[in-house]
Amino acid sequence: MAQQATSSGLLNGCKASPGHVKAVVFDLDGVIVDSEHVWDEARQELAAERGRRWPEQASRTMMGMSSLEWSRYMHDVVGLPEPPEEISAEVVRRLEEIYRGKLPLIEGAVEAVERLAERWRLALAFSSNRELIDLVLELAGLERFFRVTVSSEEVPRGKPAPDVYLEAARRLGVPPDRCAAVEDSENGIRSAKAAGMRVIAIPSPVYPPAEEALALANEVLTSIEELTPELIQRLG
């Protein structure tokens, strides 16, 4: 069960790094758009159409992977016959169709981005394909708020490796330990923590992070509506 944010900026003995936060880095899937289940359904449907059985841990395993990593997983482990690049393109095509029909924005996400953008530099560090993030930002009208967007396609390793968060900090020109990261998944929390950022967890209700992953976070919220400037200030 998610723990409430603490006023001291401490959670389970995890202490925030010294110095004021200068930038906030958001994840996309599960933080701004309620899309984890959409990804899952698109992949499972594709596997079923190819007559492949869906492994029990496949959905959780692929959370945070780059497009190259998860499409390779679907080829090698799930057993789809197409090459990984074709698998990725087909899943993305299906998500684009869904998003254009109705973008599943998380309630309160746009408002949270707007209020933090007034005071901090913002970035996105996401595992989605580049074309999907561009589409989401366009449909949601959020492009102007993010100075930097980085896809895990653009770095050597996807989450839980820290690469995508380190690259976001580099492009922002802000040291990682002066950044706060907003994440929902276990792999995302581990990625941001490994990058040296202060982590705000908003646990996914569908695939909740393990308690040991949540213990890495500096703050654990029940919804993005709790993500306020005052909370970011406390992290510093």
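**View 1. Helix α7 (residues 163-172) lies across strands β1, β2 (121-126), β3 and β4.** The direction of α7 makes about 155 degrees with that of β3; axes are lines fitted to C-alpha atoms, for helices over the stretch in contact, and angles run from 0 to 180 degrees between N-to-C directions. Helix α8 (residues 186-194) also packs on the sheet, where it touches β4 and β5 (198-201) and runs at about 165 degrees to β5. Contact means heavy atoms within 4.5 Å. Helices (H or I, at least four residues) and strands (E, at least two) are DSSP runs, numbered from the N terminus. This is a predicted model: local features need pLDDT of at least 70, side-chain atom pairs count only at pLDDT 80 or more, and totals for chains, interfaces and linings use all residues. Residues are numbered from 1 along each chain as its sequence is written, and side-chain values use heavy atoms, with hydrogens and water left out.

**View 2. The open sheet has 6 strands in the order β3-β2-β1-β4-β5-β6, with parallel pairing.** Its edge strands, β3 and β6 (219-220), each pair on one side only. Two strands pair if DSSP finds at least two bridges between them. Strands β1 (residues 23-26) and β4 (residues 179-183) are joined in the parallel sense by 4 bridges, and A23 stands opposite C179 in β4.

**View 3. F146 sits in the loop between α6 (130-140) and β3 (148-151).** F146 has a relative accessible area of 8% and is therefore buried (under 20%; exposed is over 50%, partly exposed in between; 1.4 Å probe, protein chains only). Beyond its neighbours within four places in sequence, F146 contacts F26, I32, V113, L122, A123, L124 and L137. The C-alpha atom of F146 is 7.9 Å from that of A117, 29 residues apart along the chain.
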